[in-house]
Every structure is written in C-alpha cells, then in structure tokens.
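Hi,

Here is the structure I promised to pass on. Please open it and keep it in view as you read my notes.

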Amino acid sequence: MRNVRLLAALLVAVGIPLAAAAPAGASLTGPCTASGSIGSTSYDPKVINDATIPRKGSVVWQGSVPGSGKRTIEGKVFVKLPPPIGEVKIGDWGGPSDTYANRGTYKYDFPSLLVGLKVPVAGHHTDRGFTCAGEVTVQLSGSRTSNPVLIASLVLTVISVVNVGLSVRAKRVAR
Amino acid sequence: MNGTRGRPVRGAISGLFTGLFLAVDLAYLGALKTDSVVLTILPIAGLVLGLVLGWWAPVGRVGAVAAPAPGASPAAAAVAADATADAPAVEPPL
C-alpha cells in the first residue's frame, strides 16, 4: 500500500505520471496506468512527453497496475542530469505488496531558482510478469528572465567572454 | 630586445568559465535539457579553446609578419624579420 502510494506521489508530484518511454511517441510502456491533475490541467502519460507545471500546487493523482494477490515489486524514479552525474534517484520501492491501485493528493512547492530548467524525470515499475517504464520532461512555469540564477549566469558569461578576449592579446616580455 | 608570448593559463580559466556559464544559460533558458551531454562538453570545450587561444594570442603578437618578397634584398629581409620587435631597425649591411 505504502509502496504504491509513494510511487504515485513521486511520479505525479514532479509531473511525471510514468510518462512516455519512447522518445517519439508519448506512450507509457507496459500495462500500468497513472494520471494527475493540477488545478484544471490533467496530465496523462499516454499522451504527453513534456509537462509544464506550476511552481507550487497540489496534484490529485491516481495509479494502478493489473493483477491480484501478494507479489514482489521493484521500482524507482530518478532525475536525469548531465554526465558524469547521470541519474539522481528521488525515490524507490520494492518488496512484497498486495496493493494494485491507489490515489491521493500531494502538495508541492519547488524553489523559484528551478524555473526555466527542463528536467527529464524517468521511472520504472517491475511487477509480476511485466515492467512499466516512462519518462517525461518537466518544466516549472514562470518567468525565466526573473530567475536570479539566469541573470547572474548571463552577467558572468559576458564577463568571461570579455576575459577570453583579453586572453588572446599577447603580452610583451623581455628576452 | 622585447618579444611577446601568450596567456594560456588565463585563457584556459576564462574559457572554462565561459563554457560553464554558457551551459547554465542554455539550461535555464530551456534550450537544453538537464541530461544533455552538451552541458558537460561546453566547459571542457571552453577550457581547450581558451587554452589554445591564450597560447596562440594572435592579437598584438610579435613576429607574425609577412615574409619578404622573393628577390628582396637581405636588408629588407632582416628588417621584415625584426619589424615587430621594439628594437630599432637593423642597419643595412655594408
């Protein structure tokens, strides 16, 4: 029970209800279903690859897998970052479970410093006889140009470029 | 007699930070996803490019003068070879 709830909360809360694994078509692989709604917007992993979500809000989520009886499950959700960092796990689950569906509400509040980033979040769930996997790119809505990180980075970029320009000037030395 | 040389260390550091901040810019502008390998390559490429440019230092470099034209006198060749140095022009041989 707790495993499924954790799975669904993590997936939906970050805007990733086990979304499309296939890069070209938004399709959730495997027989799992999951969805979430933030305000009046619904996110269905069967039809989306990218999700722009509010920086803070409350998501109503639900998820289910087919089957019955107690079985051993395993899965995880992770954020994808550039090499050499790679995957950063944000949640995992495993062990015996007799829960096949769950729903709930999850409140979240991301810092404004993350506005503008396109963060791929992926996950998989292995059950008895099948595996579901998916990925969705999450972006927080809001003004990018008011993000202090971006402003600082742009200023520092200009300073660095000027410094490179000064570096290409030969300096005089006494022979 | 004076000469010139590049600034490879300064160039490398500047290039590294240029690539780094450029990567942050592109990520925050949404041009690249956070798992893009370009975000890793940019700082490295900036470092290498800055190192090469700093080493080369093409602006204000001494010695980067055109070769004397064929048939030019030895005096003209000598002057051309040392033209960018701060030393006074070479006296033509007698």
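From the N terminus on, chain B runs β-α-α-α. That makes 3 helices and 1 strand. Keep in mind that this is a predicted model.

Chain B has 94 residues, and 31% of them are buried. Its accessible surface is about 5400 Å². Carbon and sulfur atoms account for 75% of that surface. Now look at contacts inside chain B between residues at least 6 apart in sequence: 55% of these join residues at least 24 apart.

Next, the interface. How many residues of chain B are in contact with chain A? The count is 38, and they meet 35 residues of chain A. Together the two chains bury about 3300 Å² between them. Carbon and sulfur atoms give 57% of this buried area. On the chain B side, the residues that lose the most area to chain A are B:Arg7, B:Tyr28 and B:Thr34. Together they make up 23% of what that side buries.

What kinds of links cross the interface? There are 18 residue pairs in polar contact, both residues at pLDDT 80 or more. The salt bridge count between chain B and chain A is 0.

Which elements of chain B give two or more residues to the side that touches chain A? They are β1 (2-5), α1 (8-28) and α2 (38-56). α1(B) gives the most, with 12 residues. By type, the residues on this side of chain B split into 16 nonpolar, 14 polar and 8 charged.

Best wishes

Technical notes. Residues are numbered from 1 along each chain as its sequence is written. Chains are lettered from A and ligands numbered from 1 in the order in which they are written. This is a predicted model: local features need pLDDT of at least 70, side-chain atom pairs count only at pLDDT 80 or more; totals for chains, interfaces and linings use all residues. Side-chain values use heavy atoms; hydrogens and water are left out. Contact means heavy atoms within 4.5 Å. Buried area is the accessible area (1.4 Å probe) that two parts lose on being put together, summed over both. A salt bridge is a side-chain nitrogen of Lys or Arg within 4 Å of a carboxyl oxygen of Asp or Glu. A polar contact is a pair of N or O atoms within 3.5 Å; within protein, one must be able to donate a hydrogen and the other to accept it, and residues adjacent in sequence count only if both atoms are side-chain atoms. Helices (H or I, at least four residues) and strands (E, at least two) are DSSP runs, numbered from the N terminus. Ala, Val, Leu, Ile, Met, Phe, Trp, Tyr, Cys and Pro count as nonpolar, Asp, Glu, Lys and Arg as charged, and the others, Gly among them, as polar. Buried means under 20% relative accessible area, exposed over 50%, partly exposed in between (1.4 Å probe, protein chains only). Accessible areas come from the Shrake-Rupley method with a 1.4 Å probe; for residues, only the protein chains shown count as cover.
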